[in-house]
Amino acid sequence: MLKTKSRMLLSKADIIAQLQKSILPLQGFKYSAQNTSVGLGLIEKAFPNYSFPLGAIHEFICADTESAAATDGFIAGVLSSLMHKSGVSLWISSSQKIFAPSLKCFGIQPDKIIFVNVQNQKDVLWCVEEALKCEGIAAVIGEMNDLNFTVSRRFQLAVEQSRVTGFIIRNNPRQLNTTASIARWQITSLSSISHDDMPGISFPRWNVELLKVRNGKPGSWEIEWSGRKFIHITHIVPLPREQQRKTG
Amino acid sequence: MSKRFVMLWFRYLRTDWFTRRQSRLRDIPFVLSSPDHGRMMVTAANTIAQSHHINVGMVVADARAIIPSLEILDDRPELSDKLLKGLAEWCIRYTPFVAIDPADGLILDATGCAHLWGSEKLYLEDIVSRLKSLGYNVRAAMADTMGTAWAIAHYGKQNFIVECNQQSTALLSLPPECLRLEYESVGRLHTLGLSKVGNIIGMQRSALRRRFGGHILQRLDQALGNKDEIIQPVQPIEPYQERLPSLEPIVTATGIGIALEKLLEIVCTRLQQEQKGLRVAIFKCYRVDGRMEKIEIGTNRPSYNRHHLFKLFELKIETIEPDLGIDLFILEAQKVEPVSPIQEKLWQTTDGLENLHLSELLDRFSGKYGAKSIHRFLPAEHYWPERSFKQALSIDEKLSSEWKDDRPRPVQLLPIPERIEVMAPVPDYPPMNFRYKGKLHKVTKADGPERIEQEWWLQKGQHRDYYYVEDEEGKRYWLFRSGHYSDKFYQWFIHGFFA
């Protein structure tokens with residue numbers, strides 16, 4: 001009796017797992033045979049299928065310029081493994097803020113990124129959507145303030161066809177509305193800590209928060225860009241009290 | 001097949017025009033005059049006046065002494081050019097290649113055109129009689145070279161059609177002026193008793209060059225057909241041009257789109273066959289009211305993909321004002337470059353900058369927002385941050401030097417550095433705190449200074465001492481002090497944000 005119940009439970013869990021598996025492709029996730037790791041290590045485990053979803057829309061929330069810079073750095077780090085050797089990315093915004101030569105520090109050839117600067121938000125949206133439809137691009141980064149559900153849905157439909165990965169940086173959004181994007185990130189800077197008590201500033205360190213993940217587990221991580229790859233900070237480092245409270 | 005040229009010489013171009021305008025001038029002597037050095041000079045005289053020995057260059061008072069009833073009209077200096085241009089465009093009915101011979105002539109490249117009128121004789125007769133019916137007295141000649149045609153038109157007595165390769169026999173008895181020489185050379189030739197081209201043709205070239213310069217040899221060669229002569233046609237011939245007339249005037253965007261699709265199909269099929277791609281194209285719409293509307297597109301890579309080209313045009317169709325309707329569409333490919341088919345196959349598989357989809361996407365962006373909205377940066381050999389990168393001129397321009405990553409550089413750079421208030425210990429310590437946009441940042445860690453000097457050959461000004469600082473919230477900034485402490489004119493700026 002107990003055995004049959006457990007078997008039933010097992011089969012129930014199986015059924016649910018199977019259902020979830022069959023739902024995922026319908027929601028835009030696609031299994032790909034090749035390794036889709038972008039070097040984020042633990043963070044990738046938060047996503048369905050335990051891999052960083054490519055061919056999807058990632059949304060980044062930035063409260064101020066400093067966190068926008070941190071977000072740019074984080075995205076650049078992810079791009080470096082997305083673009084491999086020959087990939088090209090498009091960076092679409094309404095003004096040129098990125099200092100191209102600095103991207104080299106994140107392992108990207110800055111000449112492989114094409115910057116598109118258009119007048120207003122509406123044009124940015126048009127450009128991003130057109131770019132997301134274009135096959136053969138590694139990633140599209142779009143900077144905008146607001147992203148409504150309809151637009152995000154259009155983006156998602158575009159990438160499902162083309163398998164381009166989209167990064168939407170939302171600077172100072174008016175409201176955090178529901179969108180169709182696969183994940184919502186928030187990157188904030190953390191104090192850098194040099195390992196051998198040397199003076200000066202060490203590698204950039206960020207607090208990476210996954211506020212929302214579709215079919216995944218949100219969470220918060222601390223990582224560092226060591227010049228070539230992301231490194232997870234696992235040990236508790238002595239942080240100022242105020243900051244400790246803030247990052248939780 | 002040898003070339004055939006027709007020279008049209010309008011002997012009384014301007015007076016003929018005045019006669020056309022005012023029929024009362026037909027039977028009376030009249031001249032055109034303009035002031036020169038305080039006198040009125042005759043600039044053109046009609047046939048009747050010329051028969052009374054009134055010639056161009058005479059003073060009007062003298063002319064009036066010959067014929068007291070002489071009519072004198074004001075000349076219009078720009079008239080000749082305007083008339084010739086109009087006549088040249090009219091002459092396109094005889095050949096697509098018409099050029100203006102300055103002052104009073106037209107050159108028609110009649111190669112392969114004359115047989116449409118039956119024969120060369122009929123062709124020439126048709127031109128002359130039609131121009132005559134318009135009121136223009138014209139002398140026309142046909143020959144294998146422009147030089148000979150010019151000579152026969154101006155100085156020939158009979159037989160205005162020179163047979164193939166008969167230039168030298170036709171020129172023998174003509175005076176040397178017919179070779180379009182300078183005034184001085186002609187005078188010298190006559191003083192030497194060389195009053196016929198026949199005398200010159202047989203002479204040694206070195207002797208001619210020594211006495212009259214290289215120009216005479218060039219003109220002789222041009223007339224005899226040993227050297228080619230280049231002229232500029234009035235309407236440049238577009239090798240890739242297609243026309244689509246419509247029976248009913250078209251007023252809708254859909255209609256224009258259909259016309260455009262049809263034209264693109266023809267042009268692209270031809271381009272594909274010739275393995276060429278289009279770089280610049282113009283789509284012209286001729287309206288019923290005689291006005292013309294046009295839209296232009298450009299591509300980053302030569303393309304004969306008509307769907308892509310149509311998309312580029314489609315973005316601009318809405319700017320066309322059809323008004324009462326469009327009855328003729330013309331598509332011109334102004335710039336065409338060769339495409340290699342293997343290359344194209346490569347593009348479709350690679351995901352680099354050579355990707356065809358990418359260049360088509362960028363074409364659409366530049367079509368909608370202008371090419372200056374798209375940037376691709378290459379490293380420039382400068383330390384000054386604003387000059388450390390440059391715009392790539394094309395999508396596949398290669399790096400001339402490597403990107404540098406030996407120094408910390410901010411991921412976001414302010415286009416113009418912003419002033420900040422800073423408290424810093426002298427002389428060269430990093431700031432202790434700074435105030436930016438009203439917020440006080442306490443600096444906990446810092447790197448620097450990194451001194452970057454002005455490039456004096458490019459710009460005058462003070463050097464910058466850059467500090468890479470981190471505040472207590474872990475936010476990282478790029479600050480600099482412009483100038484020395486000792487200068488008393490130093491200022492602190494924020495220039496960027498690190499990741």
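In the predicted model, B:K404 is in contact (heavy atoms within 4.5 Å) with A:P101 and A:K104, leaving aside its neighbours within four places in sequence. B:K404 sits in the loop between strand 13 and strand 14 (412–419) of chain B. Helices (H or I, at least four residues) and strands (E, at least two) are DSSP runs, numbered from the N terminus. The relative accessible area of B:K404 is 41%. The residue therefore counts as partly exposed, a class between buried (under 20%) and exposed (over 50%), computed with a 1.4 Å probe on protein chains only. B:Y383 lies 21 residues from B:K404 in sequence and 9.9 Å away in space, C-alpha to C-alpha.

Residues are numbered from 1 along each chain as its sequence is written, and chains are lettered from A and ligands numbered from 1 in the order in which they are written. Local features need pLDDT of at least 70, side-chain atom pairs count only at pLDDT 80 or more, and totals for chains, interfaces and linings use all residues; side-chain values use heavy atoms, without hydrogens and water.

An open sheet of 11 strands shows mixed pairing, in the order 9(A)-8(A)-7(A)-6(A)-1(A)-5(A)-4(A)-2(A)-3(A)-12(B)-13(B). Pairing requires at least two DSSP bridges between two strands. Strand 9 (230–232) of chain A and strand 13 (389–391) of chain B each have a single partner strand, so one side of each lacks a neighbour in the sheet. The twist averages 30° from one strand to the next. Axes are lines fitted to C-alpha atoms, for helices over the stretch in contact, and angles run from 0 to 180 degrees between N-to-C directions.

Strand 7 (residues 205–213) and strand 8 (residues 219–225) of chain A run antiparallel, joined by 6 bridges. A:L210 has A:G219 of strand 8 as its bridge partner.
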